[in-house]
Amino acid sequence: MEKSEKKGVIDTWIDKHRSLYAAATRHDFVVSIRDGSVDLSSFKTWLGQDYLFVRGFVPFVANVLIRAGKESGETSDMEVVLGGLASLNDEIEWFKSEGSKWGVDFSTVVAQKANQEYSRFLEALMSSEVEYSVVMTAFWAIEAVYQESFAHCLGDGNKTPAELIGACNRWGNDGFRQYCLSVKNIAERCLENASRDAFVEAENVLVRVLEHEVAFWEMSRGGQ
Ligand SMILES: Cc1ncc(CNC=O)c(N)n1
């Protein structure tokens, strides 16, 4: 097989954890956006919680950026992560305008348990004890779940409500897909040279990200 066709370790792990991956990327909430049956109070709950999540995700990505500058062999790694950080700047502005559009006052939104647990998990990954390959794998998984989920809402035959297309475009667009592929390539390259321990930990962290993402979508059911 050509190198470009060779299945990487991340795809092997995704295949191995196929049902969990599907639970994270085809959650009822996402499917309900795509089929147009979404309950708007669920959407508002997700919006408020995700705004808080993203505020905690910024320092995580900043930490990845610092490590990409120091620990990576390739100068392009830092540029890929910097692109991600730059888009988070736009994203926070986007959240604020969506908040006013939907009447969600972020100053009164309280992080729910699943959100708090996800933030704690991100904080633990910021420790210098965690290897770069492990952090990169987690970073890829976090971004890829949103890319896959929202791209699904824009795919052929969707009945996504017009007022939710903007949200879906934010993560479902082709540029974000390309960016996720770049992050995946970085993670794959790091994993090729990782220690046995880091390799085992990376798979474990990938699974944990998927579990956190499922729990995160589940919060939308509360509809508060
Ligand atoms: C819970 C969660 N996971 C991943 C993302 C996507 N990354 C940045 O926006 C997100 N916004 N929220």
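**Exercises: helix packing and a ligand shell**

Helix 2 passes helix 10 in a left-handed crossing. Before you start: this is a predicted model, where local features need pLDDT of at least 70, side-chain atom pairs count only at pLDDT 80 or more, and totals for chains, interfaces and linings use all residues. Residues are numbered from 1 along each chain as its sequence is written.

**Exercise 1.** Describe how helix 2 packs on helix 10.

*Solution.* Start with the terms. Helices are DSSP runs (H or I, at least four residues), numbered from the N terminus. Left-handed says that the near helix is turned anticlockwise from the far one by less than a right angle. Axes are lines fitted to C-alpha atoms over the stretch in contact, with angles from 0 to 180 degrees between N-to-C directions.

Next, the geometry: the axes of helix 2 (residues 18-25) and helix 10 come within 8 Å and cross at roughly 35 degrees.

Then the contact (C-beta atoms, placed from the backbone, within 7 Å). Leu 20, Tyr 21, Ala 23 and Ala 24 of helix 2 touch Val 207, Leu 210, Glu 213 and Val 214 of helix 10. Sorted by class, that's seven nonpolar, no polar and one charged. Here Ala, Val, Leu, Ile, Met, Phe, Trp, Tyr, Cys and Pro count as nonpolar, Asp, Glu, Lys and Arg as charged, and the others, Gly among them, as polar.

**Exercise 2.** Are helix 4 and helix 6 roughly parallel or roughly antiparallel to each other?

*Solution.* First get the angle: helix 4 and helix 6 (residues 113-125) pack at about 5 degrees, axes 10 Å apart. So the two helices are roughly parallel (angles under 35 degrees).

Now see who meets whom: Gln 49, Leu 52, Phe 53, Gly 56, Phe 57 and Phe 60 in helix 4 face Asn 115, Tyr 118, Ser 119, Leu 122 and Leu 125 in helix 6. This contact has seven nonpolar, four polar and no charged residues.

**Exercise 3.** Work out what surrounds the ligand.

*Solution.* List the residues near it (C-beta atom, placed from the backbone, within 6 Å): Asp 50, Phe 53, Val 54, Phe 57, Glu 91, Ile 142, Glu 143, Val 145, Tyr 146, Glu 213 and Phe 216.

Sort them by class: seven nonpolar, no polar and four charged.

Finally, trace them to helices. Helix 4 (40-71), helix 7 (132-152) and helix 10 (196-218) each supply at least two residues of this shell.

Terms used:
Angles under 35 degrees count as roughly parallel, over 145 as roughly antiparallel, 65 to 115 as roughly perpendicular and the rest as oblique. Two residues are in contact if their C-beta atoms, placed from the backbone, lie within 7 Å.
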